[in-house]
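Thanks for coming. Here is the model I want to go through today.

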Amino acid sequence: MDHAGLPGTDAYDLPASALRFADGAEYRVEIPSVEGPACLDAVLEAARELEVPVTRVSQGTGVGLMTDAELDRMAATAATAGIEVSLFARPCAGWDTSAMARSSAGSVLAPTTRGQDQLAAVVDEIVRAAEHGIRSVLIADIGVLDVFRRLRAAGDLPADMQAKTSVMLPASNAATARVLEDLGANTINVPTDLTLPQLAAIRAAVDVPLDVYVEAPDNVGGFVRHYEIARIVEVAAPVHVKFGLRNAPDVYPAGTHLEATTVALSRERVRRARLGLDLLARHRPSSVGSRPGATGLAIPTIP
């Protein structure tokens, strides 16, 4: 596959990546499933207590299930803290009336945008997020990603708006990852079960940061890969190291009725990050991580 500019095999020799974030760092810490302002407050409090340099939080419930006041509060809090907030651009087939998305063989349809009316709704969520100062959205549909790229290029979205592809838009090989990069993805969330050689091969094909779960929720594998963090950072840099949570409820879509649960889960994810960073310091003490406010973060603007 050399003529296609792609690795011919997975990278079993595990070459160290020479790429870095704009601030020279190899890794950044991402806390996913931060579902609203109370969860963000809990993450920042736990990060201070445990000395975890959280640089990005992401959310799965979606822009459309947050009030204007909640969006403004989340943007203001994150802007003050100097961290990135990435909100999911929904709706999707799995939350709609799709029968196929609920079938055993058709669940692959669930994360996608179903029909043009739903596409318009997703784009509206992206525009609304931008209007409230959010500068990163999470995208799970390849067509939405292309529309995002076109809107940003045309000036209909802020030039500094970033697209983070979801783990539900699986880049399971180097060729797919390159397509997502070409379509405007600023960071690519790879499947949770990729091996180190597979991650290294993807890194050889793309320059944008990879988002890698080192602990994955049960519904996307339930893997606890903390012991691999040092090697993941080495071969996949620049990489957002994501601390999900095994043995935790699926709370999507979240809301105030689940706030006590989502806040507790948010705090525990930061604790998991502390454990992971301790392992990284023990096994690869030369690793360089970003701090809040780092160059290149999609930090919200205060509306």
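One term before anything else: buried means under 20% relative accessible area, exposed over 50%, and partly exposed in between, with a 1.4 Å probe and protein chains only. This is a predicted model, so local features need pLDDT of at least 70 and side-chain atom pairs count only at pLDDT 80 or more, while totals for chains, interfaces and linings use all residues. Residues are numbered from 1 along each chain as its sequence is written, and side-chain values use heavy atoms, without hydrogens and water.

Helices (H or I, at least four residues) and strands (E, at least two) are DSSP runs, numbered from the N terminus. Two strands pair if DSSP finds at least two bridges between them.

Now the fold. Eight strands form a closed barrel in the order S1-S2-S3-S4-S5-S6-S7-S8, with parallel pairing.

Take S4. Which of its faces are covered? Both: Ser136 and Leu138 are buried on one side, Val137 and Ile139 on the other. In a regular strand the side chains alternate between the two faces of the sheet.

S4 has parallel neighbours. Two bridges join strand S3 (residues 84-88) to S4, with phenylalanine 88 partnered by leucine 138. Between S4 and S5 there are four bridges, and leucine 138 stands opposite lysine 164 in S5. The chain crosses from S4 through H4 to S5 in a right-handed β-α-β crossover; right-handed means that, with the strands pointing away from the viewer, the path from the first strand over the helix to the second runs clockwise. S3, helix H3 (residues 115-131) and S4 also make a right-handed β-α-β unit.
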